[in-house]
Amino acid sequence: MPIETITNHVNQINYNTLTNIDNDNHNTSHNFSNYIDNLLNSINLTQNNAKKNSQEFILEKPGVSLSDIMIDLQKSSISINMAVQIRNKVISAYQEIMNMQV
């Protein structure tokens, strides 16, 4: 799965979170969890695709080039790094909210 798809998911999460602020909290959290789930599924597909292509290259199947494998591995690496950064930002935001005085 291309990195642009993952970026689009993140942008969609930001857009939907901002537009759904007036909606019920349960509905907004449900949408957010769906987008996170979709994001993780797309990362998983990217990693599985890279693994499958590298295994096919090792088995010397025709039609699989080293450059395609390297690109797939980089996409996989970038997507997992982006997921880790998103997780870090969410945790940081949560901790900041929890430290606010009411």
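Does Glu60 count as buried or exposed, and what is its relative accessibility? At 69% relative accessibility, Glu60 counts as exposed; buried means under 20% relative accessible area, exposed over 50%, and partly exposed in between, with a 1.4 Å probe and protein chains only.

The structure is a predicted model, in which local features need pLDDT of at least 70 and side-chain atom pairs count only at pLDDT 80 or more, while totals for chains, interfaces and linings use all residues. Residues are numbered from 1 along each chain as its sequence is written, and side-chain values use heavy atoms, with hydrogens and water left out.

The protein chain holds three helices and zero strands, and its elements run α-α-α from the N terminus on. Helices (H or I, at least four residues) and strands (E, at least two) are DSSP runs, numbered from the N terminus. Of the 102 residues of the chain, 21% count as buried.

Glu60 is found in the loop between α2 and α3. Its backbone has a positive phi of about 60°, although Glu60 is not a glycine. Most residues other than glycine have a negative phi.

Phe57, Ile58, Leu66, Met70 and Leu73 make a nonpolar surface patch of about 490 Å². Patches are made of residues with over 30% relative accessible area and no salt bridge, with like charges joined within 9 Å and nonpolar side chains (Val, Leu, Ile, Met, Phe, Trp, Tyr) within 5 Å. A salt bridge is a side-chain nitrogen of Lys or Arg within 4 Å of a carboxyl oxygen of Asp or Glu. Accessible areas come from the Shrake-Rupley method with a 1.4 Å probe, and for residues only the protein chains shown count as cover. Helices α2 (25-58) and α3 (66-98) each supply at least two residues of the patch, and the largest share, three residues, comes from α3. Phe57 lies in helix α2 and counts as partly exposed because its relative accessibility is 35%.

Lys75 has its place in helix α3 and is partly exposed, with a relative accessible area of 30%. Lys75 and Ala50 are 25 residues apart in sequence, and their C-alpha atoms are 8.5 Å apart in space.
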